[in-house]
Amino acid sequence: MDYKDLANLIFPDAKEISYYEEKYPERNLPEGAIVTRFAPSPTGFVHIGGLYQALVARTVAKKTGGVFFLRVEDTDQKREVENGITGIVNSLKDFDMAPDEGMISETEEIGNYGPYKQSLRKDIYQAYAKYLLEQGKAYPCFCTPEELEETRKKQEIAKLRTGYYGVWAKCRNLSVEEMAEKIKNGENYVIRFKSPGREDRKIKHKDIIKGNVDFPENDLDIIIIKADGLPTYHFAHAVDDHLMRTTHVIRSDEWLSSVPLHLQLFQELGFKAPKYAHISPIMKNDNGGKRKLSKRKDPEAAVDYYKKEGIPAEAVKEYLLNIANSSFENWRKANPDKEIEEFDFQLNKMSVSGALFDMIKLLDIGKTVISKMTAEEVYEKSLDWAKQYDEELAEMLKAKEYALKVFGIERGNKKPRKDISKWADVKQNIEYMYDDKFYGKTQDYPYQVISEKENISKILKLYIEKYYDEKDDKQTWFDKIKALSVEMGYAVEVKEFKANPGKYKAHVGDVSTVLRVALTSRTNTPDMYEIMKVLGKDRVVKRLEKQIEANS
RNA sequence: GGCCCCGUGGUCAAGCGGUUAAGACACCGCCCUUUCACGGCGGAGUCAUGGGUUCGAUUCCCGUCGGGGUCACCA
């Protein structure tokens, strides 16, 4: 009995690895093309950190004419969640980041390097495990969880490194006959990798992001195939990224310390190792301390949160890209209208330490992103959002022509307004342009400097009777407000008012405020001239008259 | 605890032996022929700490402290 016989005993039906090597040949891509993947587990919603990794991975692949694929790592069936894959696929779609290859629904996939769902690749892993077994580079281990726990305790008491290595690796030195015997007796077992490493030797790793990192070699005989026949992450990573011809593994930096193991696995399997880029996680401030954004505690950790809040996907991507490469910001300033894809993203420029998540900055980017949209785009997107999350708004937006006019106010100028940072802001921003909302609310009107009732109604009355003409152009319209100010005895210029503070009680801006408040019930709105145009004469007069009445 | 990573203003960060230590968000002030917003100008605010090395350290080395990761039949 030798290793070969043992391998046959364990995996009698596994194919030769040459079969898979031929089935998944090197990719025929242009020089320098980078192949990356996003490889989440279907264990719940997509985390913002996951989206971040996916964005980075996709960006470098796109930039180099490579491939970005989605592989689902569902080797832990206990943690699996219903419709987990759908959630992942949809989240990527929401951010316009659909993969070139991989899963596209719960059961379907595209691409020639699949299956892209690990639970469907059992045969492949077993073929490679068999390959290692044949060479004596792997062995079955019969230790029970209880035994493992016991050795761990012993190690702890003796203040030794915990784990399955050296003298603690009991099954490592079983004879082939003993192993075969136990298997035939029906004992449960897993397959372990027989590590050739030594803890007292160093291994050098050059990470694209972290730079040079030296570790002790791995000497742990880690499990590669679990009792259920499925591989562990480490083994699946080596086999899959080799067969799928991944060139760059971009993943969260919690994997950094597994690099010695992974490199060893690639080596012993006879694979060429990919390049690694370990991304620092996105953090959050927690009572003065930093911690990773947590799925349980932080709603903003879930990518769906941004969708619900109506923060444009584009803004989230820009924000993330900004964390990834801070030069993005300057590039964006210089190229306000270019597509994100045109930015020359540099993997090696990514920060080595984790960034604190900054919602305020994100919302600021949201404002800029939305300010650049046309009225039509704003309309479509806020309607899409409203249909899902705000019925009332959806109802308001039914009258498309009118909504377009409202969204068109001060839009498209060289200096567009930036007052909407997310779709959830839209309603309160346009509410007063809708009569049922405007009249439906009882509220104290925030008149400011000019607050005496008689003056207010006098201004409004005068304006309607003497000055207001719907056909005026903007200059005439404003000249009339000035004339009204003069007639009321207020300063016609703010400058003049400031120069002679004792001389006037108020100025033209205060008169405008009275009109604005009467017309919209608020003190800050976009350009009043445009608002009045959109409202139209009848509605303007009606609103003003109502205030005259209220102030008489 | 072992191993590994990190530490520039409130936040994201450029800089990598000699700089008035960029820029962005936030904050404050001023300006911009109506408010708000935008925009412009200006302001406050930073190299964790102690030792080296050096003519000179934010930049290099070591220690300390602080933060993070990892040590599963989870990924």
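**Notes on the predicted protein–RNA model**

1. Let's start with a loop: Pro501 sits between H21 and H22, where helices (H or I, at least four residues) and strands (E, at least two) are DSSP runs numbered from the N terminus. Pro501 counts as exposed because its relative accessibility is 57%; buried means under 20% relative accessible area, exposed over 50%, and partly exposed in between (1.4 Å probe, protein chains only). From C-alpha to C-alpha, Pro501 is 9.8 Å from Ala491, and the two are 10 residues apart in sequence.

2. A word on reading the model: it is predicted, so local features need pLDDT of at least 70 and side-chain atom pairs count only at pLDDT 80 or more, while totals for chains, interfaces and linings use all residues. Residues are numbered from 1 along each chain as its sequence is written, chains are lettered from A and ligands numbered from 1 in the order in which they are written, and side-chain values use heavy atoms, with hydrogens and water left out.

3. Now to the RNA. There are 60 residues around RNA strand B, and Lys226, Glu329, Lys361, Arg417 and Phe478 come nearest; a residue is near a strand if one of its heavy atoms lies within 4 Å of it. Of the atoms of RNA strand B that come within 4 Å of the protein, 72% belong to sugar and phosphate.

4. Helix H20 (474–488) is among the elements that each supply at least two residues of this surface, and H20 gives the largest share, five residues. By class, the surface near RNA strand B has 26 charged residues (Asp, Glu, Lys and Arg), 20 nonpolar ones (Ala, Val, Leu, Ile, Met, Phe, Trp, Tyr, Cys and Pro) and 14 polar ones (the others, Gly among them).

5. Which parts of the RNA do individual side chains approach? A polar side-chain atom of Lys226 is 2.7 Å from a phosphate oxygen of RNA strand B. For Asn524, a side-chain N or O atom lies 3.3 Å from a sugar or linking oxygen. For Asp527, a side-chain N or O atom lies 2.9 Å from a base oxygen.

6. Finally, the cysteines. A disulfide is taken as a pair of cysteine sulfur atoms within 2.5 Å, and by this rule the count comes to zero. Cys141 is buried because its relative accessibility is 1%, but its sulfur is 3.8 Å from the closest cysteine sulfur, in Cys171, too far for a bond. Cys143 is also buried, at 14%, and its sulfur lies 3.7 Å from the closest one, again in Cys171, too far for a bond.

How values were computed: Polar contact = N/O pair within 3.5 Å; in protein donor to acceptor, adjacent residues only side chain to side chain.
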